[in-house]
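Below is a short report on one protein model. It moves from single side chains to the whole chain.

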Amino acid sequence: MSLSIHQFQYSWKSWMTGNFIFIISGWLIGFCLTGIDTLSRVTFSSHIDPLPLFIMPMVFGGITLLFVLGEVIRLIMQELANEYQLWVVLGANQHQLALLIAVQMGLTAFLSSWVGYSLSMLSIKPL
């Protein structure tokens with residue numbers, strides 16, 4: 001675990017290239033779910049239901065973000081492939097290498113999604 005954090009400190013610039021996508025996904029999910037939760041507590045007297053304004057972007061944006069996020073992660077893996085090959089040469093097995101990558105990806109996703117969630121809370125208040 002500590003080696004994963006040291007490796008992350010070394011290669012943080014590469015992982016931060018995917019930072020924008022994680023922030024956008026955190027914002028989209030936080031914004032839409034907060035909007036859905038808020039609107040579900042309000043009763044509307046007319047036949048107009050504003051819930052699709054939040055449901056549609058979350059569904060279609062979420063699907064699109066999954067594809068984009070997968071490609072960004074794949075590009076980061078290709079960029080760091082030489083470093084991971086060095087870990088294999090030094091004696092790391094597949095499970096240790098997978099743990100190394102998972103910790104780095106988890107750190108990036110955790111930090112970025114909190115930024116995105118905080119932005120969603122700031123942007124939904126005026127609405």
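Is tyrosine 117 buried, partly exposed or exposed? Tyrosine 117 is partly exposed, because its relative accessible area is 37%. Buried means under 20% relative accessible area, exposed means over 50%, and partly exposed lies in between, with a 1.4 Å probe and protein chains only.

This is a predicted model, in which local features need pLDDT of at least 70, side-chain atom pairs count only at pLDDT 80 or more, and totals for chains, interfaces and linings use all residues. Residues are numbered from 1 along each chain as its sequence is written, and side-chain values use heavy atoms, with hydrogens and water left out.

**Overall form**

The protein chain has six helices and zero strands. Its pattern along the sequence is α-α-α-α-α-α. Helices are DSSP runs of H or I with at least four residues, strands are E runs of at least two, and numbering starts at the N terminus.

The radius of gyration of the protein chain is 19 Å, whereas a compact globule of 127 residues would be near 14 Å. That radius is taken over C-alpha atoms, and the globule rule is 2.2 Å times the number of residues to the power 0.38. Along the principal axes, the C-alpha atoms fill a box of roughly 65 × 25 × 20 Å.

Of the 127 residues in the protein chain, 32% are buried.

Contacts with a separation of 6 or more come to 81% from residues 24 or more positions apart. Contact means heavy atoms within 4.5 Å.

The protein chain carries 4 positive and 5 negative side chains, and the centres of the two sets lie 8 Å apart. Lys and Arg count as positive, Asp and Glu as negative; His and the chain ends are not counted. Each charge is placed at NZ of Lys, CZ of Arg, CG of Asp or CD of Glu.

**Aromatic pairs**

Rings of Phe, Tyr and Trp (its six-membered ring) pair if their centres lie within 6.5 Å; planes under 30 degrees apart count as stacked, over 60 as edge-to-face and the rest as tilted. By this rule there are four aromatic pairs. In one of them, phenylalanine 110 and tryptophan 114 have ring centres 6.4 Å apart and planes at 75°, so the pair is edge-to-face. Both sit in helix α6 (residues 94–124), and they are separated by about one helical turn because they are four residues apart.

Tryptophan 114 also pairs with tyrosine 117: the ring centres are 5.6 Å apart and the planes stand at 85°, so this pair is edge-to-face. These two residues lie three residues apart in helix α6, about one turn of the helix. Tryptophan 114 is partly exposed, with a relative accessible area of 47%.

Elsewhere, Trp27, Phe31 and Phe54 form one aromatic cluster.

**Contacts of single residues**

Which residues does phenylalanine 54 contact, leaving aside its neighbours within four places in sequence? They are Phe31, Cys32, Gly35, Ile36, Leu39 and Ile124. Phenylalanine 54 lies in helix α4 (residues 52–79). With a relative accessible area of 12%, phenylalanine 54 is buried.

Helix α3 (residues 19–40) holds isoleucine 36. Beyond four places in sequence, isoleucine 36 is in contact with Leu51, Phe54 and Ile55.

Leucine 28 is in helix α3 as well. Leucine 28 is buried at 10% relative accessible area. Not counting residues up to four places away, leucine 28 touches Pro57, Met58, Gly61, Gly62 and Leu65.

Serine 14 belongs to helix α2 (residues 12–15). At 10% relative accessibility, serine 14 is buried. With residues up to four places away left out, serine 14 touches Ile76, Glu79 and Leu80.

Proline 126 lies in the segment after α6. Proline 126 counts as exposed, at 70% relative accessibility.

**C-alpha distances**

| Residue pair | Separation in sequence | C-alpha distance |
|---|---|---|
| Leucine 28 and phenylalanine 54 | 26 residues | 9.4 Å |
| Phenylalanine 54 and valine 115 | 61 residues | 20 Å |
| Proline 126 and isoleucine 63 | 63 residues | 27 Å |
| Isoleucine 36 and leucine 75 | 39 residues | 34 Å |
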